[in-house]
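Hi everyone, thanks for coming. Let me put the model up so that we can look at it together.

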Amino acid sequence: MPAISNKIINRLTLYHCLLKYTFKEQRSISSFEIAELLDLDDSLVRKDIALCGVLGRKKGGYPINELQQAIEQKLGFAERKEVFIIGAGNLGTALVNYADFKDYGIDVLALFDNDSAKIGQEAGGKKILALDKLQNLIAKISIKNIILTVPPQAAQEVTDYAVKCGVQFIWNFTPVILKTPKAVTVYNENIVSSFLQMHNFI
Ligand code: ATP
């Protein structure tokens with residue numbers, strides 16, 4: 001199956017949110033309704049939905065349940081995605097407590113930190129472990145994904161260590177642009193950037 005672009009993933013995720021929350025009382029939805037709310041071209045919406053293998057009915061539009069499930073399948077919501085969080089501060093703790101992660105198959109197994117006051121405690125029902133336990137754990141259970149929520153000054157050093165331990169995917173919540181080997185994928189979640197984009201309109 002060819003990989004779909006990040007833009008399509010982004011739009012499909014938004015359609016899914018519409019189906020799950022905004023239109024949940026409806027039985028069907030048209031590409032025009034979706035397009036209008038998201039300020040998109042309706043032909044683009046139909047093209048995206050066709051990728052999920054759902055056909056619209058001429059008059060009735062798309063059946064909500066079927067479309068929702070098709071998007072979930074296309075984006076692999078049901079596949080379990082095990083992750084570790086490195087940095088059990090305010091942000092790491094907020095993320096482990098984010099209940100919606102489960103709906104997307106994201107399963108935080110443990111958090112890591114270097115603060116002895118936090119090690120051995122729990123956050124969101126998950127153990128906070130010493131960072132130097134990462135290597136052993138990765139070797140044992142082969143987790144390749146981490147969410148990085150350490151302060152900026154620790155980001156590169158922790159990344160280097162995580163990569164050495166075998167981490168391959170980093171969801172980076174720090175503002176640091178990380179240097180990693182080509183085989184490692186970093187997705188930067190710059191939370192201030194979204195606000196600045198919005199602020200630009202004000
Ligand atoms: P808190 O005040 O509870 O530490 P915070 O979110 O303000 O929360 P930050 O300074 O942003 O704290 O750090 C986030 C977390 O990253 C903290 O729990 C901190 O102990 C941890 N941390 C900092 N440096 C490292 C490191 N080198 N390795 C692992 N964890 C680290």
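Around the ligand there are 14 residues, and the nearest among them are Asn90, Asp113, Asn114, Lys118 and Pro151 (near means a heavy atom within 4 Å). This is a predicted model, where local features need pLDDT of at least 70, side-chain atom pairs count only at pLDDT 80 or more, and totals for chains, interfaces and linings use all residues. Residues are numbered from 1 along each chain as its sequence is written, and side-chain values use heavy atoms, with hydrogens and water left out.

What is the make-up of that shell? It has six nonpolar, five polar and three charged residues, with Asp, Glu, Lys and Arg as charged, Ala, Val, Leu, Ile, Met, Phe, Trp, Tyr, Cys and Pro as nonpolar, and the others, Gly among them, as polar.

Now the polar contacts, which are pairs of N or O atoms within 3.5 Å. A polar backbone atom of asparagine 90 is 2.8 Å from a ligand oxygen, and a backbone N or O atom of glycine 89 lies 3.2 Å from a ligand oxygen. For asparagine 114, a polar backbone atom is 3.3 Å from a ligand nitrogen.

Note on methods
A polar contact is a pair of N or O atoms within 3.5 Å; within protein, one must be able to donate a hydrogen and the other to accept it, and residues adjacent in sequence count only if both atoms are side-chain atoms.
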